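This report takes one structure piece by piece, from single backbone positions to helix packing. Keep the sequence and the 3D view open while reading.

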Amino acid sequence: MASAGSGPNAAPAVPAEEWTEREQALLARLTPLPAPPPDPTNAVADDPRAAHYGRWLFFDARLSGSGDVSCATCHDPAHQFADPRSLAVGAERGERHAPTLVEAAHQRWLGWGGRADSLWMQALGPLENPVEMAGDRAAIGALVRTDAELRRAHEAVFETVPEDDTAVLVQVGKALAAYERLLVRGEGRFDRYAAAVLDLPGADADALDEQEREGLHLFLGEARCTLCHLGPVFSDLEFHNNAVPPHPDGPRDDPGRFAGARRVKDSAFNAAGPWSDDPEGPAASRVRALVVRSETFGEFRTPSLRNLRGREPFGHQGQFEDLDAVLRFYDTLEGRDLRSHHQEQLLTPLGLTTEQRAALAAFLMTLEGEPLDEALLTPPTSPIPG
C-alpha cells in the first residue's frame with residue numbers, strides 16, 4: 001500500500017487497511033492501460049495517411065454489393081462502434097451481435113470466435129461475406145482503380161494500385177485497420193484511483209466514491225470477475241463457454257471458437273500467410289501453434305469491460321439487453337444452457353444482494369475512458385490524406 005505521493009500537491013493517500021495484498025496484486029494486473037501493441041503484419045498500421053484513408057473506407061457503402069452497407073452500418077460510431085441491435089443486419093440478418101471496435105487493437109484474436117488474428121484480417125471478412133456486406137474483391141478493385149479520388153488516396157498510402165484484386169482487397173483491409181487502431185479511449189477514473197493505491201503516476205484517491213469502491217472489492221473478490229476479466233483491457237483475451245442462453249432469434253448451436261480457430265488457421269490472410277508483412281513474427285508463430293480442438297465448441301471471446309456505457313446489448317448474440325441483465329445472469333446463472341459438456345467449470349451462483357449488484361455496476365462505469373476524438377466519428381471530407 002502506497003502513500004500516493006508526497007508534497008503539497010500530492011493526491012491524498014488511500015487508507016492502508018482498505019486494500020489487501022491480494023487485491024493490490026490484482027489491481028497491478030488491471031492498470032495502467034498501455035498503448036495498443038504494434039502490428040508488424042500490417043506495414044501501414046500506424047501510418048496516419050493509411051488511417052485517414054481507412055476512415056473514409058469505413059463509411060463508404062460502395063464497398064458492399066448493394067452499395068447500401070458500410071462498416072459503420074453495424075459498427076455504429078454513435079453506439080461505441082457496436083450495434084444497437086442484438087443480431088447485426090447487413091445485407092441480411094446475421095447470427096451474432098456486432099461487437100465494439102473501441103480498444104479492439106488490444107485483442108489477440110478478433111471476432112466472437114476468434115476468426116481473425118489481426119484487425120486487417122478481421123476487416124476483410126465482412127467485405128465479402130454474403131450476410132454482412134456482400135461485396136467482392138473484383139468490384140472493390142475496380143472501384144479503387146476507376147474512382148479518381150479513391151485511386152489517388154490509395155496511391156498516397158501504397159504507392160500504386162495493384163492489378164491483382166486480392167492485393168487491393170488486402171490493402172483496403174490494412175487501411176481500415178489503421179483507422180480502427182485509433183479507436184482507443186485510454187484510461188478512466190478506475191485507473192486514477194488504482195494509481196493511488198499502487199503509488200503510480202496520475203493518482204487520484206478520490207476518483208471513486210464509496211459505492212464504486214465497494215464494487216471494486218466485489219470485482220476483485222466475492223463476484224469472482226477476475227477469473228476471466230483480468231488484464232489491462234479487463235479481459236483475459238481468451239475464450240470460454242459460460243452456458244449463456246442463445247438469443248430467441250439466434251442459432252441454438254454456434255460453434256464459436258471451434259469454427260473460429262479453424263477459419264484463422266486455414267486463411268491465406270492470417271499472420272503467417274503470404275499477405276502478412278511479418279510472416280515469421282510472433283503473431284505468425286501464435287497462429288501456427290493454434291490447435292483446433294472439439295473442447296472449444298461453444299466458446300466465445302471474453303469481451304473487454306472498458307467503455308461499456310452505450311454499447312448495449314451485450315453477449316455474442318446480444319442476449320442481454322443491458323448491464324443489469326448481464327450481472328443478474330452471472331449472479332444467479334438462471335436460464336443457462338446446459339447442453340454442452342465443455343462448459344466453464346468455475347462458474348457458480350454468487351448470491352449477491354441487490355445492493356452488491358448495484359455497487360458492481362457502479363464500479364464498471366468507472367472504466368469509461370476519455371471520449372474519442374469527434375473527427376473519428378464521421379468520414380473525412382475526402383479520402384485523400386491531407
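Leu333 counts as buried, at 5% relative accessibility. Buried means under 20% relative accessible area, exposed over 50%, and partly exposed in between, with a 1.4 Å probe and protein chains only. Leu333 has a positive phi of about 60 degrees, although it is not a glycine. Its place is in the loop between α12 and α13 (354-364). Helices (H or I, at least four residues) and strands (E, at least two) are DSSP runs, numbered from the N terminus.

Glu334 lies in that loop too, between α12 and α13. Glu334 is exposed, with a relative accessible area of 60%. From Glu334 to Val244 is 90 residues in sequence and 9.5 Å in space, C-alpha to C-alpha.

## Basis of the model

This is a predicted model, in which local features need pLDDT of at least 70 and side-chain atom pairs count only at pLDDT 80 or more, while totals for chains, interfaces and linings use all residues. Residues are numbered from 1 along each chain as its sequence is written, and side-chain values use heavy atoms, with hydrogens and water left out.

## Other backbone features

Phe234 also has a positive phi, of about 55 degrees, and is not a glycine. It lies in the loop between α9 (210-220) and β1 (239-240). Phe234 is buried, with a relative accessible area of 0%.

Which peptide bonds are cis? The bond from Thr31 to Pro32 is cis, with omega near 0 degrees. Pro32 sits in the loop between α1 (21-30) and α2 (48-58). The bond from Glu312 to Pro313 is cis, again with omega near 0 degrees. Pro313 is in the loop between β2 (300-301) and α12 (323-332).

Ser64 is found in the loop between α2 and α3 (71-74). Ser64 counts as buried, at 6% relative accessibility. A polar atom of the Ser64 side chain lies 3.2 Å from the backbone oxygen of Val69. Leaving aside neighbours within four places in sequence, Ser64 is in contact with Val69, Met133, Ala134 and Gly135. Contact means heavy atoms within 4.5 Å.

Ala223 is found in the loop between α9 and β1. It is buried, with a relative accessible area of 7%. Not counting residues up to four places away in sequence, Ala223 touches Leu218, Leu350, Leu352 and Leu360. Ala223 and Arg357 are 134 residues apart in sequence, yet 9.2 Å apart in space, C-alpha to C-alpha.

## An enclosed helix

How many residues of α8 are buried? In helix α8 (residues 189-198), seven of the 10 residues are buried, so the helix is largely enclosed by the rest of the structure. The buried residues are Phe190, Asp191, Tyr193, Ala194, Ala195, Ala196 and Val197. They pack against α1, α9 and α13. Just after α8, Asp199 takes a positive phi of about 60 degrees.

## Helix α4 against helix α7

The axes of α4 (residues 119-128) and α7 (residues 165-180) come within 8 Å and cross at roughly 120 degrees. Axes are lines fitted to C-alpha atoms, for helices over the stretch in contact, and angles run from 0 to 180 degrees between N-to-C directions. α4 and α7 are therefore oblique to each other. Angles under 35 degrees count as roughly parallel, over 145 as roughly antiparallel, 65 to 115 as roughly perpendicular, and the rest as oblique.

On the α4 side, the contact is made by Leu119, Trp120, Ala123, Leu124, Leu127 and Glu128. On the α7 side, the residues are Leu169, Val170, Val172, Gly173, Lys174, Leu176, Ala177 and Glu180. By class, the contact of α4 with α7 has 10 nonpolar residues, one polar and three charged. Ala, Val, Leu, Ile, Met, Phe, Trp, Tyr, Cys and Pro count as nonpolar, Asp, Glu, Lys and Arg as charged, and the others, Gly among them, as polar.

## Helix α5 against helix α6

Helix α5 (residues 137-146) packs with helix α6 (residues 148-158) at an angle of about 95 degrees, with the axes 5 Å apart. That makes α5 roughly perpendicular to α6. Leu143, Val144, Arg145 and Thr146 in α5 meet Ala148, Leu150, Arg151 and His154 in α6. This contact of α5 with α6 divides into four nonpolar, two polar and two charged residues.

Key:
A polar contact is a pair of N or O atoms within 3.5 Å; within protein, one must be able to donate a hydrogen and the other to accept it, and residues adjacent in sequence count only if both atoms are side-chain atoms.
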